[in-house]
Amino acid sequence: MRKAAKFEKVSFAIFSENGTKEVYDEIKLPKRATAKSAGYDFFAPTAISVAPHETVTVATGIRALMPDSWCLMIFPRSGLGFKYKLRLNNTVGIIDADYAGSDNEGHVFIRMTNESDKPLEIPQGSAFAQGIFVQYLLTEDDDATATRNGGLGSTSPTGQEK
């Protein structure tokens, strides 16, 4: 199997906007659970409590480095989706290859909602989301030349997502 990407922690200076040095030191890099798993499990940097119908945003402390023409797709863990109707607020997170070079070092945030009627408790260090690296193709007439200069929503042509 070809290896083309890797995970790193963002710097503490970036993470400190969302967490403490103790939390930062305990961050685990995403990892596959089995040799044939497609997804890399993202682990909760702290305990996460999500009340019924509540939305939370998790600052993972993680960035993904990958070649051009690749992206990282983020999904909730299957079991959490079945048991808690846990969903990502953007349905599927797409992390572009150039996001790692953005102002926030490509810090991956995962925003999710518990759509069930029961509270969800995710212990610190437990897998709660998964990421799959995907190579994509371009159309023959593609002419995109802009470069990223910011973090989340920075590729929006209208600037409404900033």
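**View 1. Glu105, a partly exposed loop residue.** Glu105 counts as partly exposed, at 22% relative accessibility in this predicted model. Buried would mean under 20%. Glu105 sits in the loop between β8 and β9 (109–114). Its phi is near 65°, a positive value in a residue other than glycine. Most residues other than glycine have a negative phi.

View 2. The loop between β7 (86–88) and β8 (93–96) holds Thr91. Phi of Thr91 is near 65°, again positive in a residue other than glycine. Thr91 is exposed, with a relative accessible area of 60%.

**View 3. The whole chain.** Three helices and eleven strands make up the secondary structure. Along the sequence, their pattern reads β-α-α-β-β-β-β-β-α-β-β-β-β-β. The C-alpha trace spans about 50 × 35 × 35 Å along its principal axes. Of the 162 residues, 39% count as buried.

**View 4. Arg87 and Glu115 in a salt bridge.** The side chains of Arg87 and Glu115 meet at 2.3 Å, N to O. Arg87 lies in strand β7 and Glu115 in the loop between β9 and β10 (120–122), so the pair ties together parts that are 28 residues apart in sequence. Arg87 is partly exposed at 33% relative accessibility. Glu115 is also partly exposed, at 34%. A search of the whole structure finds five salt bridges.

**View 5. Asp25 and Lys21 within helix α2.** A salt bridge links Asp25 to Lys21, with the closest N and O atoms 2.9 Å apart. The two residues are four apart in helix α2 (residues 21–26), so about one helical turn separates them. Asp25 has a relative accessible area of 43% and is partly exposed. Lys21 is partly exposed too, at 40%.

**View 6. Glu8 and Lys6 in a salt bridge.** The closest N and O atoms of Glu8 and Lys6 are 3.4 Å apart. Glu8 is partly exposed, with a relative accessible area of 24%. Lys6 is partly exposed at 45%.

**View 7. A patch of negative charge on the surface.** Glu140, Asp141, Asp142 and Asp143 gather in this patch. Glu140 belongs to the segment after β11 (127–135). At 89% relative accessibility, Glu140 counts as exposed.

Technical notes
Residues are numbered from 1 along each chain as its sequence is written. This is a predicted model: local features need pLDDT of at least 70, side-chain atom pairs count only at pLDDT 80 or more; totals for chains, interfaces and linings use all residues. Side-chain values use heavy atoms; hydrogens and water are left out. Patches are made of residues with over 30% relative accessible area and no salt bridge: like charges are joined within 9 Å, nonpolar side chains (Val, Leu, Ile, Met, Phe, Trp, Tyr) within 5 Å. Accessible areas come from the Shrake-Rupley method with a 1.4 Å probe; for residues, only the protein chains shown count as cover. A salt bridge is a side-chain nitrogen of Lys or Arg within 4 Å of a carboxyl oxygen of Asp or Glu. Lys and Arg count as positive and Asp and Glu as negative; His and the chain ends are not counted. The place of a charge is taken as NZ of Lys, CZ of Arg, CG of Asp or CD of Glu. Buried means under 20% relative accessible area, exposed over 50%, partly exposed in between (1.4 Å probe, protein chains only).
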